[in-house]
Amino acid sequence: LESSLLTQPWASVCLGESAFLAKACFRDTGYILLISDLSSVWYESADTETVGQRSKELNKRLTVHVSSFLHRLCSLMCPLLAGQPDATTSFSCHRTASGLSLHVKSELSGLPFYWDFHCCPAPVEMVSRHLVRPLIRMSLALQYQVQELTSLLLQKDAEIEDYRESGAMLSRDRLRTEPFQEETFQQNFMAE
């Protein structure tokens, strides 16, 4: 499950008054949820036995197969992660000293459906694998892209200057641009 979670994108979610980044992966064998407020990172990994036991505790009136519970959880969480939460489902969270609890309240076959994700602090290696390393890689890729675009802009300015020196004139003065100032751009970029 965790290797499948690596391919899932982070999503911005609001739970009550709190904003989080979250990603999840649901399979017939269980699920894994990773959630962060960018100060802490929590996770829960649950197999079919854990899901079955918790579903009996929280939903005494529902008797469905564990895979149905997993599919229902997936159908509730996926719209939330896609930024389109279902209006009939409510999510809330509660932070404790030992972790984070995410409470879900919905309906299944006309009966109330409840679920609690019991998230504990994520190990350092998991945080590094799912959050830190991808962010550093993306930052490096963006720095490389900025360098490439800077180089291209300087080449374009040299090309435009060559045209001007050859006597070329703009047909529309509104298209005139100032030469690219790399140092000014870098200062403004860092200030922002």
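Predicted model: local features only at pLDDT ≥ 70, side-chain atom pairs only at ≥ 80, totals over all residues.
Biologist: Good to know. What makes Leu76 count as buried or exposed?

Modeller: Buried means under 20% relative accessible area, exposed means over 50%, and partly exposed is in between, using a 1.4 Å probe and protein chains only. Leu76 has 4% relative accessibility, so Leu76 counts as buried. Leu76 belongs to helix 3; helices here are DSSP runs of H or I with at least four residues, strands are runs of E with at least two, and both are numbered from the N terminus.

Biologist: And which residues does Leu76 touch, leaving out those up to four places away in sequence?

Modeller: Contact means heavy atoms within 4.5 Å. By that rule, Leu76 touches Thr89, Phe91, Val104, Ser106 and Phe113.

Biologist: Now to helix 4, please. How do you know which class Thr150 and Leu154 fall into?

Modeller: Both residues lie in helix 4. Thr150 has 5% relative accessibility, so Thr150 counts as buried. Leu154 has a relative accessible area of 37%, so Leu154 is partly exposed.

Biologist: What makes a space a cavity or a pocket?

Modeller: On a 1 Å grid over the protein atoms alone, a cavity is a set of points where a 1.4 Å probe fits but cannot get out; a pocket is an open set with protein on both sides within 12 Å along at least five of seven lines, and lining residues have an atom within 4 Å of a point. Grid points are joined across faces, edges and corners, and a volume is the space filled by probe spheres set on the points. The structure holds one cavity of 30 Å³ or more, and the largest cavity has a volume of about 30 Å³.

Biologist: Which residues line the largest cavity, and what is their make-up by class?

Modeller: The lining consists of Val13, Leu15, Ala22, Leu33, Ile35, Met77, Leu80, Leu81 and Leu102. Strand 1 (11–15), strand 3 (30–36) and helix 3 (66–81) each give two or more residues to this lining, with helix 3 giving the most, three residues. Ala, Val, Leu, Ile, Met, Phe, Trp, Tyr, Cys and Pro count as nonpolar, Asp, Glu, Lys and Arg as charged, and the others, Gly among them, as polar. By that scheme the cavity lining has nine nonpolar, no polar and no charged residues.

Biologist: And the largest pocket: what lines it?

Modeller: The largest pocket holds about 210 Å³ of space. Its lining is made of Ser139, Leu142, Gln143, Val146, Gln147, Gln186, Phe189 and Met190, which divide into four nonpolar, four polar and no charged residues. Helix 4 (124–165) and helix 5 (182–191) each supply at least two of the lining residues, and helix 4 gives the most, with five.

Biologist: Last one: how is the chain divided into domains?

Modeller: Domain bounds come from an automatic or database domain assignment, which gives domain 1 (1–122) and domain 2 (129–191). Taken over C-alpha atoms, the centres of domain 1 and domain 2 are 44 Å apart.

Technical notes:
Residues numbered from 1 in each chain as written. Heavy atoms only, no water.
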